[in-house]
Amino acid sequence: MKKRMLSGIKPTGQLHLGSYIGALKQFVDYQDEYEVFAFIANLHCITVYQDPIELRKNLRDCVALYLACGLDPEKATIFLQTDIKAHAQLGFIMNCNTYMGELNRMTQYKDKVAKGEKNLTGGIFTYPTLMSADILIYEPHYVPVGEDQKQHVELTRDVANRFNNRYGKTFTIPEPLIPKIGARIMSLQDPTTKMSKSDHSDKGCIYLLDSPKKARKKIMSAKTDDLAQVKFDTVNQPGISNLIQIYSSLTGINFSDIETKFDGLGYGDFKKEVANVVCSKLEEIQGKYNEIINSNIIEEILADGKTKAEVLANAKLDEVQRKIGIEIKM
Ligand code: AQP
């Protein structure tokens, strides 16, 4: 029997090259080997205010991009988080099995507090417990994530172990799966920070729906250094190292072969080649996206995904509720 894998993406904005390399590409690469469950984490995105009209559009775009990037609904179960009500219900139960101290240690939350971000919601603080429920409810063996989400999968493992010890074996303990290359694609303008949907300047982020012309311009003006060598060295050459990672993950060429290939050439030549590879990937994705976005295939796939996911999720929630004593029946 195939091992199971689960992952989700928040539709907080347009998906970008970091979402593709760190997450989406992995779902696609693994869909033959594993039983993949891929969901749109629409509850997670409302931890920060979203414009409802934009959010609705992003939801459709996100599903269309899952498909355009190569996720095959015949192989993977694709669904909306809110279509499976059991996520939120198990989320509250997980919330009650997680300590404040554990949530206080979550780096993403601590970073936001340290940056002095105002009006942080309760949802931002507790979302790792909903994420635990999202994962545990399907009992996956693996959870492919970028580097930034590893800590939340580790919390999930701790909470699941605690629950199993308290109430008897209920959950499979999942393992995070971090890509060897591309676990943290950085901003093109500030290669010390992650490429993010919520980047203030869009120059550092290549969106999957950027026109190839725009994407090329962003790559050609990516921040580099004055060492004039294509070398993977994240400390002294973070910008060039980021471009090497992007190039490597899209072509499959390893870092040292890339260094050899561009030895003696200028950054302009290297950037041009990175731009060629990125633009051809964008063209391929956008061609498929344009076919999908105006069809009603999106609704059909989500309805099908809901039917498949709901059976597993409801059964697991029922088991949990009986074990913790909140059901009258045993
Ligand atoms: N830059 C990145 N490099 C590698 N992996 C990344 N991921 C996101 N950005 C990068 C991985 O993509 C998956 C889905 O992430 P998400 O969109 O649900 O949340 P996020 O990590 O918070 O993404 P953003 O773009 O930074 O969104 P905002 O700005 O809304 O917070 C995860 O596995 C993530 O690791």
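Tutor: We take the ligand, then a pocket, then one glycine.

Tutor: This is a predicted model, in which local features need pLDDT of at least 70, side-chain atom pairs count only at pLDDT 80 or more, and totals for chains, interfaces and linings use all residues. Residues are numbered from 1 along each chain as its sequence is written, and side-chain values use heavy atoms, with hydrogens and water left out.

Student: Which residues are the closest to the ligand?

Tutor: D148, K194, S196, K197 and S198 are the closest. The ligand is surrounded by 21 residues. A residue is near a molecule if one of its heavy atoms lies within 4 Å of it.

Student: How much of the ligand does the protein cover?

Tutor: It covers 93% of the 650 Å² of accessible area that the ligand has on its own. The areas come from the Shrake-Rupley method with a 1.4 Å probe.

Student: Which element gives the most to the shell around the ligand?

Tutor: Helix α1 does, with three residues. Helices are DSSP runs (H or I, at least four residues), numbered from the N terminus.

Student: What lines the second largest pocket?

Tutor: Its lining includes I21, K25, L177 and S248. Lining residues have an atom within 4 Å of a point on a 1 Å grid; a pocket is an open set of points with protein on both sides within 12 Å along at least five of seven lines. The volume, the space filled by probe spheres set on the points, is about 260 Å³. Again α1 gives the most, here with five residues.

Student: Why is G305 called buried?

Tutor: Buried means under 20% relative accessible area, with a 1.4 Å probe and protein chains only. G305 has 3%, so the label holds.

Student: Where is G305 found?

Tutor: G305 is in helix α13, residues 297–324. From S19 it is 286 residues away in sequence and 21 Å in space, C-alpha to C-alpha.

Definitions and conventions
Helix = DSSP H or I, 4+ residues; strand = E, 2+ residues; numbered from the N terminus. 1 Å grid on protein atoms, 1.4 Å probe; cavity = no way out; pocket = protein on both sides within 12 Å on 5 of 7 lines; lining within 4 Å. Buried < 20%, exposed > 50% of the residue type's maximum accessible area, 1.4 Å probe, protein only.
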